[in-house]
Amino acid sequence: MSRKTYSLSAAVVVAISGLSFSSADGAEALAQETSQIERDEAMSLSADEESAQVLSKEPVELVPEPIEFVSEPVIQALPEIGSVAGLENQGIAVKPATLRELVAQTELTAPLSEQMRCLAGAVYFESRGEPLAGQLAVANVVINRADDRRFPASYCGVVYQRAQFSFVKRGRMPRIRTQSAAWRRAKAIAHIAHDGLWESEAADAVYFHATYVRPKWSRRKTRLTEIDTHIFYR
């Protein structure tokens with residue numbers, strides 16, 4: 001073999017060897033690249049599957065629990081009913097529909113003073129058979145006279161004034177049936193009139209007489225009202 005032929009053969013061997021090594025390196029690089037792509041695809045598939053699972057879940061609607069309002073009346077406790085004057089002193093306005101209701105609510109447990117006994121006695125003897133409005137009017141006459149300078153300045157002075165009330169005998173009041181319903185009503189009416197708890201038809205009256213008589217003085221007075229068997233004047 002000539003030197004030239006040997007040299008060519010050596011060159012071919014070297015070239016083949018280089019190609020072999022190059023091929024091996026390329027194959028290894030290709031394998032690594034393929035493996036990385038597979039990992040990336042696997043990770044991408046995992047992320048897509050996770051997203052799909054999240055999106056596949058049905059949405060949950062949050063519904064607040066209904067608020068229930070309980071309506072209850074607000075009740076303010078009031079003091080027990082005693083006398084009407086006691087309620088007014090506490091600032092509680094109590095207005096019964098009728099005078100009868102007011103009389104029923106008026107409870108007098110304490111003994112009457114002398115003056116109030118004279119006032120209730122005039123109501124009892126002059127009008128216990130009259131309607132309550134008539135009894136109240138009689139009480140107002142006594143009260144108005146006590147406030148008028150033409151008459152005595154006290155209830156007892158008015159009641160015991162000479163020749164004014166026919167039930168007074170020798171300067172004394174007859175005995176009262178203190179356990180009777182009529183006396184209880186007379187006491188309540190005297191209290192109501194004294195405290196001005198009910199408006200009377202004869203609010204300004206200072207005179208009265210029975211309907212079956214006609215005294216001369218009545219012609220000179222101003223007639224206010226007639227209640228049952230009494231006529232009232234000022």
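I began with valine 168, which is buried at a relative accessible area of 18%, where buried means under 20% relative accessible area, exposed over 50% and partly exposed in between, with a 1.4 Å probe and protein chains only. I note that this is a predicted model, in which local features need pLDDT of at least 70 and side-chain atom pairs count only at pLDDT 80 or more, while totals for chains, interfaces and linings use all residues. Residues are numbered from 1 along each chain as its sequence is written, and side-chain values use heavy atoms, with hydrogens and water left out.

**Entry 1: valine 168 and its loop.** I located valine 168 in the loop between helix 6 and helix 7, taking helices (H or I, at least four residues) and strands (E, at least two) as DSSP runs numbered from the N terminus. Leaving aside neighbours within four places in sequence, I found valine 168 in contact with Val159 and Tyr160, contact meaning heavy atoms within 4.5 Å.

Alanine 163, which lies in the loop between helix 6 and helix 7, has a positive phi near 60°, and its relative accessibility of 76% makes it exposed. Arginine 170, placed in the loop between helix 6 and helix 7, has a positive phi of about 55° although it is not a glycine, and it is exposed with a relative accessible area of 86%.

**Entry 2: the chain as a whole.** I counted 7 helices and 3 strands in the protein chain, and read along the sequence they follow the pattern α-α-α-α-α-α-α-β-β-β. Buried residues make up 32% of the 234 residues. Among contacts between residues at least 6 apart in sequence, 62% join residues at least 24 apart.

**Entry 3: helix 4 against helix 5.** Two packed helices are described by the angle between their axes and the distance between the axes. For helix 4 (residues 114–127) and helix 5 (residues 132–146) I find axes that come within 9 Å and cross at roughly 135°; the axes are lines fitted to C-alpha atoms, for helices over the stretch in contact, and the angles run from 0 to 180 degrees between N-to-C directions. That angle makes helix 4 oblique to helix 5, given that angles under 35 degrees count as roughly parallel, over 145 as roughly antiparallel, 65 to 115 as roughly perpendicular and the rest as oblique.

On the helix 4 side I listed Leu119, Ala122, Val123, Glu126 and Ser127, which meet Gly134, Gln135, Val138, Ala139, Val142 and Ile143 in helix 5. These residues divide into 7 nonpolar, 3 polar and 1 charged, where Ala, Val, Leu, Ile, Met, Phe, Trp, Tyr, Cys and Pro count as nonpolar, Asp, Glu, Lys and Arg as charged, and the others, Gly among them, as polar.

**Entry 4: helix 4 against helix 7.** Helix 4 and helix 7 pack at about 120° with their axes 8 Å apart, which makes helix 4 oblique to helix 7, and their crossing is right-handed. Among the residues making this contact I noted Met116, Arg117 and Tyr124 of helix 4 and Trp183, Lys187 and His194 of helix 7. By class, the contact has 10 nonpolar, 3 polar and 2 charged residues.

**Entry 5: aromatic rings.** My search of the whole structure gave 9 aromatic pairs, a pair being rings of Phe, Tyr and Trp (its six-membered ring) with centres within 6.5 Å, with planes under 30 degrees apart counted as stacked, over 60 as edge-to-face and the rest as tilted. Phenylalanine 125 and phenylalanine 167 are stacked, because their ring centres lie 5.2 Å apart and their planes are at 15°. Phenylalanine 125 lies in helix 4 and phenylalanine 167 in the loop between helix 6 (155–159) and helix 7 (181–195), so the pair ties together parts 42 residues apart in sequence. Both phenylalanine 125 and phenylalanine 167 are buried.

The rings of phenylalanine 151 and tyrosine 207, with centres 6.1 Å apart and planes at 65°, form an edge-to-face pair. This pair links phenylalanine 151 in the loop between helix 5 and helix 6 with tyrosine 207 in strand 1 (residues 207–210), 56 residues apart. Phenylalanine 151 is buried at 12% relative accessibility, and tyrosine 207 is buried at 13%.

Last, I recorded one aromatic cluster, formed by Tyr124, Phe125, Phe165, Phe167, Trp183, Phe208 and Phe232.

Note on methods. A crossing is left-handed if the near helix is turned anticlockwise from the far one by less than a right angle, and right-handed if clockwise.
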